[in-house]
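Please keep the structure in view while reading.

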Amino acid sequence: MEKLSGLRHLFMTVFLYNFATFMVVPAITDVTMAALCPGRDECSIAIYLTGFQQGIIGLGTFVLMPLVGNLSDMHGRKALLMIPMCLVIIPLAILSWSRSRNFFYAYYVLKTLTSMVCEGSVHCLALAYVADNIPESRRASAFGVLSGIGSSAFVCGTLSARFLSTSSTFQVAASVAAVGAVYTRMFLPDSIIMEGALDQAIIAEQKKPCVIHLGGESTQDSPAFRSMPSLDDMLSLLQTNSTFTKAAIVSFFSNLGDVGLHTCLMYYLKARFHFNKHQFADLMMISGIAGTISQLVLMPMLAPSIGEEKLLSLGLLFSFSHMFLYSIAWSFWVPYAAAMFSILTVFAPPCIRSIASKQVGPSEQGKVQGCISGISSFAHLVSPLAFTPLTAWFLSDGAPFYFPGFSIMCIGFASNGSIPAKFNDKGGASNIK
């Protein structure tokens with residue numbers, strides 16, 4: 001507990017960032033529909049625009065996350081954290097001013113651009129920060145607590161949105177995001193990366209031969225350029241360690257399902273049961289409260305006793321189960337029951353990150369978390385391409401058969417594409433067979 005208390009400023013940074021971003025989620029569907037299709041409960045263009053946005057963000061984060069993680073190894077976690085903490089303010093401020101169609105389009109463009117840097121980068125850098133300060137044996141529990149802080153911010157944000165008007169929601173969110181940036185700058189100490197404490201470094205620094213030209217100029221790359229991340233770094237991680245490779249596969253398919261569900265679920269519930277901002281907020285609060293309790297209370301108790309591999313398997317199983325239940329919802333109360341499954345589905349992400357973290361030493365935590373985030377972000381590109389047209393098709397009058405939740409069911413099956421990777425807890429370092 002003493003080690004975790006030393007991370008209190010990081011936890012507050014993560015809380016403020018997530019509070020600001022999650023606060024607007026219940027309202028954004030209604031804002032999008034009002035700007036694009038006023039007075040309607042079903043709008044294909046809104047679904048396609050949301051899917052396109054997710055795809056572009058996914059492509060950007062796929063490229064940028066390894067870069068962000070690696071640069072944080074070189075220049076410190078705090079310096080890189082300040083970038084998304086500041087950028088996230090801009091799109092929120094636009095909708096806090098007006099939610100007319102022109103302002104919505106401005107928000108849409110800037111949200112897409114800033115999210116290429118912001119989406120996942122705060123979580124990625126926070127995970128690397130925790131790994132810098134927590135030993136391997138307690139890392140899964142610490143990652144769970146970090147995710148629990150994010151879930152508690154999710155609950156507080158959606159609860160606030162439940163009682164605020166739409167305009168006030170965006171104004172408060174922009175203000176909290178600004179406070180978060182100031183707090184991070186003033187109070188968060190930079191993490192100290194202990195170069196001499198490497199357990200194992202799986203990316204060997206390969207030195208190129210130095211050629212001296214007649215003018216005395218060397219062709220050997222400078223250390224800064226040799227340290228810059230590239231696709232080769234990610235490929236090296238994947239090729240040299242099978243545990244990391246399979247953790248990346250599980251992370252990709254898990255995020256494929258999560259992104260698909262996030263992109264399509266609200267439009268499905270609005271068309272199927274006429275949900276609005278208040279019902280979305282209630283649903284998200286149930287999911288967030290269940291996840292917070294699980295990550296702050298259950299996971300620190302279960303991870304040391306049964307192992308992160310078994311917790312991961314349990315999380316993946318219930319992730320599919322709750323998506324399946326959403327897809328066959330026959331009454332308005334069924335989505336609320338499905339949201340309760342979050343008490344177990346939230347086990348998966350921290351366990352994946354902990355397994356990946358144990359494969360490298362302290363000086364490469366940013367790199368490995370950035371690679372996992374980048375691979376996961378690729379799901380943000382693939383998932384909308386696959387499931388956005390499917391959702392729009394089955395919610396329209398031209399569906400081949402009546403099954404509004406068909407795309408949600410397909411998302412559930414896709415999220416379990418990683419089932420062949422079997423996790424076994426052998427003690428010590430994680431093993432995947």
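A cavity is a set of points, on a 1 Å grid over the protein atoms alone, where a 1.4 Å probe fits but cannot get out; lining residues have an atom within 4 Å of a point. Its volume is the space filled by probe spheres set on the points, which are joined across faces, edges and corners. About 30 Å³ of space lies in the second largest cavity. Its lining includes Val68, Val117 and Ser121. Helix α5 (77-87) contributes the most, with three residues. Helices are DSSP runs (H or I, at least four residues), numbered from the N terminus.

The model is predicted: local features need pLDDT of at least 70 and side-chain atom pairs 80 or more, whereas totals for chains, interfaces and linings use all residues. Residues are numbered from 1 along each chain, and side-chain values use heavy atoms, without hydrogens and water.

Two salt bridges are found in the whole structure. A salt bridge is a side-chain nitrogen of Lys or Arg within 4 Å of a carboxyl oxygen of Asp or Glu.

| Asp30 | Lys270 | 3.2 Å |

Asp132 and Arg77 are both buried (under 20% relative accessible area; exposed is over 50%, partly exposed in between; 1.4 Å probe, protein chains only).

His274 lies in the loop between α13 and α14. Its phi is positive, about 60°, although it is not a glycine. Most residues other than glycine have a negative phi. His274 is exposed, at 54% relative accessibility.

Notes: Helix = DSSP H or I, 4+ residues; strand = E, 2+ residues; numbered from the N terminus. 1 Å grid on protein atoms, 1.4 Å probe; cavity = no way out; pocket = protein on both sides within 12 Å on 5 of 7 lines; lining within 4 Å.
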